[in-house]
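Student: Hi, could you walk me through this one? I'd like to ask things as they come up.

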Amino acid sequence: MYLFIKIASSAVIIGLVTEMARRFPLYGGIVAALPLISILSIIWLTVQGEPTQNIHTFTLGVLAGFPSTVAMLVVIYTALKQSIHVGLAIPLGLVAWGIFLTGQKYIMARFIS
């Protein structure tokens, strides 16, 4: 039952945000940047009785992924601004995300170890 509610609520949120983005692109982007998925995930993990330590670790993972996400969005934005087709801009952004995340893991391992 929880799975169906999670899927339905996520679909509704995505639909509303994309509709807002279609009508008001700037505001749609601002709303899309809200950590809606993170907040919903934390709420669902809590409702389903996950230990606080797991939620804490999940939140740390979200924070760790944030810089790579910023790099991805910068690459996509720059590519689109340079009139690169969205079908290429998104894969370029994903490659940047992967490279940045890999580099970030390597750097963190050097400082933490």
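Student: Leaving out residues up to four places away in sequence, which residues does Ser38 touch?

Tutor: Keeping in mind that this is a predicted model, Ser38 touches Phe58 and Val62 once residues up to four places away in sequence are set aside.

Student: And where does Ser38 lie?

Tutor: Ser38 lies in helix H3, which covers residues 36–47.

Student: Is Ser38 buried or exposed?

Tutor: Ser38 counts as buried, because its relative accessibility is 17% and the cut-off for buried is under 20%.

Student: Stepping back, how many helices and strands are there in the protein chain?

Tutor: The protein chain has five helices and zero strands, so that, read from the N terminus on, its elements run α-α-α-α-α.

Student: OK, new topic. How many salt bridges does the structure hold?

Tutor: The structure holds two salt bridges, and they link Glu19, Arg22 and Arg23 in a network. In one of them the side chains of Arg22 and Glu19 meet, with 2.4 Å from N to O, while in the salt bridge between Arg23 and Glu19 the closest N and O atoms are 3.1 Å apart.

Student: Why would side chains pair like that?

Tutor: As a general point, side chains of opposite charge can pair when their charged atoms come close.

Student: How many residues apart are Arg22 and Glu19 in helix H1?

Tutor: Arg22 and Glu19 are three residues apart in helix H1, which spans residues 2–23, and therefore about one helical turn separates them. Arg23 and Glu19 are four residues apart in helix H1, and this pair is also separated by about one helical turn.

Student: Are those residues buried, partly exposed or exposed?

Tutor: Arg22 counts as exposed at 58% relative accessibility, and Arg23 counts as exposed at 55%, whereas Glu19, at 30%, counts as partly exposed.

Student: What about the whole chain, what is its radius of gyration?

Tutor: The protein chain has a radius of gyration of 17 Å, whereas a compact globule of 113 residues would have one near 13 Å. Along the principal axes, its C-alpha trace spans about 45 × 45 × 20 Å.

Student: What share of the residues is buried?

Tutor: Buried residues make up 14% of the 113 residues in the protein chain. The chain exposes about 8700 Å², and carbon and sulfur atoms supply 77% of that area.

Student: Last one: what share of the contacts with a separation of 6 or more comes from residues 24 or more positions apart?

Tutor: For the protein chain, that share is 43%.

Methods
Residues are numbered from 1 along each chain as its sequence is written. This is a predicted model: local features need pLDDT of at least 70, side-chain atom pairs count only at pLDDT 80 or more; totals for chains, interfaces and linings use all residues. Side-chain values use heavy atoms; hydrogens and water are left out. A salt bridge is a side-chain nitrogen of Lys or Arg within 4 Å of a carboxyl oxygen of Asp or Glu. Helices (H or I, at least four residues) and strands (E, at least two) are DSSP runs, numbered from the N terminus. Buried means under 20% relative accessible area, exposed over 50%, partly exposed in between (1.4 Å probe, protein chains only). Contact means heavy atoms within 4.5 Å. The radius of gyration is taken over C-alpha atoms; the globule rule is 2.2 Å times the number of residues to the power 0.38. Accessible areas come from the Shrake-Rupley method with a 1.4 Å probe; for residues, only the protein chains shown count as cover.
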